[in-house]
Amino acid sequence: LSVAYLLFRGNKGSSVLSLDEAADSSRVSSRKGSSKKKKGARASSSDQKAGSLDPTGLIRRCIFCEVDVLSEGDHLKRHLAGKKHRKAAQGCEDVNKCFKWVQPASAEPAQKQQAPTGPSLVELQFSGSHTEAVDPGSWDKVKGKATKKTKKRGSEITERCVKRFSSMEQGIDILEGLTLHYNVLSEAEEQDLIQYTEDLILRGRMGEFRGATFNPGVSAAQWQRKAGQRGRIVLQFGVVYDYAKHRIDTETDVEPMTEKLESVVDILMQRGVMPRGHRPDSVIINIYHPGDCIPPHIDHEDYPRPFCTMSLLSEADMMLGRNITTVSPGVFDGPFSLPLPRRSVLVLEGNGANVAKHCIPACPARRISYTFRRCPPVVRKIMGFIDR
């Protein structure tokens with residue numbers, strides 16, 4: 001289980017509290033008082049030094065009993081087997097489900113005094129399928145010097161890491177459920193997928209695909225057509241989304257997911273990006289020319305959440321908010337702007353997918369995005385989809 005605390009400051013950029021800094025802040029003051037403690041009480045500072053704390057300065061707390069438990073020895077096992085816990089947790093003995101990492105009581109007041117304005121300090125936890133799907137060794141690198149780079153733009157983050165976001169609008173956290181995975185692909189994997197995309201475009205122009213698989217130019221708005229811009233190239237596999245009628249189209253012919261596309265989905269599943277039991281079965285590939293954009297929208301509610309979008313070739317910003325206005329062609333104004341670096345995958349669910357609109361302002365350079373979704377059960381039945 002890895003934990004990090006991230007601090008984001010609005011749409012003009014963000015600053016990040018690294019793991020090293022989080023560890024320092026959690027040790028602001030030492031625990032005082034008697035070394036005696038009742039059964040089930042929090043560990044003393046000497047116990048923490050003996051190993052009750054995670055390297056980041058956090059401690060395990062039982063979700064059901066609201067007590068802190070030492071991590072070393074058989075303390076966790078004894079607590080899980082205790083009558084009080086078994087009664088409160090209804091027999092649950094899964095460490096990942098019963099415990100959460102929290103700051104020691106001594107550090108909590110100091111954190112409260114540093115309450116930030118704007119997007120708030122957010123806890124980043126890896127649990128359940130994420131912990132099992134990701135090689136722990138790769139996450140250990142985030143604790144080192146690579147973490148110091150996270151204060152810069154996403155394109156300068158060289159290690160695999162994950163950020164979650166929070167931004168309050170009218171009392172609602174509109175970014176709840178938004179998760180950005182950095183460097184999901186290696187550079188070699190990205191180049192391979194870029195070349196595969198170029199091959200798909202060539203095959204589409206040669207008329208090799210049936211139905212609505214290939215669209216040579218979808219304009220984001222009338223102004224693009226008036227300006228003579230071609231609009232982004234769109235490829236769809238698995239099922240067609242009808243942009244004109246805003247619905248999933250099960251009647252229009254389309255190419256099925258290819259083996260190459262299924263291998264990309266395998267990466268998303270194996271590296272903990274998409275949750276177990278929610279394997280995507282369709283994809284929309286967008287190829288943006290410089291100046292192409294996507295106007296503010298919320299993805300169709302028929303698509304089960306979460307869904308995700310992978311960025312290749314160049315970095316672009318995504319703007320999010322309940323209210324996003326069009327300032328001029330391809331220029332939008334909203335409360336939160338999130339850079340999407342190449343090789344990253346943005347996962348959307350919760351308020352981040354259902355409350356906040358999102359858009360892509362005019363791209364400064366050619367860009368490729370893969371948006372993977374899982375179709376609703378009725379569509380899967382009609383299309384005959386079967387999970388691999």
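Student: Which side chain makes a polar contact of 3.3 Å with the side chain of aspartate 299?

Tutor: The side chain of histidine 297. A polar contact is a pair of N or O atoms within 3.5 Å; within protein, one must be able to donate a hydrogen and the other to accept it, and residues adjacent in sequence count only if both atoms are side-chain atoms. This is a predicted model, in which local features need pLDDT of at least 70 and side-chain atom pairs pLDDT 80 or more, while totals for chains, interfaces and linings use all residues. Residues are numbered from 1 along each chain as its sequence is written, and side-chain values use heavy atoms, without hydrogens and water.

Student: Where in the chain is aspartate 299, and is it buried or exposed?

Tutor: Aspartate 299 lies in the loop between strands E15 and E16 (307-312). It is buried because its relative accessible area is 6%; buried means under 20%, exposed over 50%, partly exposed in between (1.4 Å probe, protein chains only). Beyond its neighbours within four places in sequence, aspartate 299 is in contact (heavy atoms within 4.5 Å) with Arg305, Phe307, His358 and Arg373.

Student: To which sheet does E15 belong?

Tutor: Strands of a sheet pair through backbone hydrogen bonds, either parallel or antiparallel. Here, E15 is part of an open sheet of four strands in the order E15-E22-E17-E20, with antiparallel pairing. Its edge strands, E15 (294-297) and E20 (336-340), each pair on one side only. Two strands pair if DSSP finds at least two bridges between them.

Student: How many bridges join E17 to E22?

Tutor: Three bridges join E17 (residues 316-321) to E22 (residues 357-360), and the two strands run antiparallel. Methionine 319 stands opposite cysteine 359 of E22.

Student: Why does arginine 322 count as partly exposed?

Tutor: Arginine 322 counts as partly exposed because its relative accessibility is 27%. This residue sits in the loop between E17 and strand E18 (325-328). Not counting residues up to four places away in sequence, arginine 322 touches Glu169, Gln170, Ile172, Ile174, Val355 and Lys357. With glutamine 170 there is a side-chain polar contact of 3.3 Å. Glycine 334 is twelve residues from arginine 322 along the chain, and their C-alpha atoms are 8.2 Å apart.

Student: How many helices and strands does the protein chain have?

Tutor: The protein chain has 13 helices and 23 strands. These are DSSP runs, numbered from the N terminus: helices are H or I with at least four residues, strands are E with at least two. Of the 388 residues in the protein chain, 49% are buried. Among contacts with a separation of 6 or more, 71% are between residues 24 or more positions apart.
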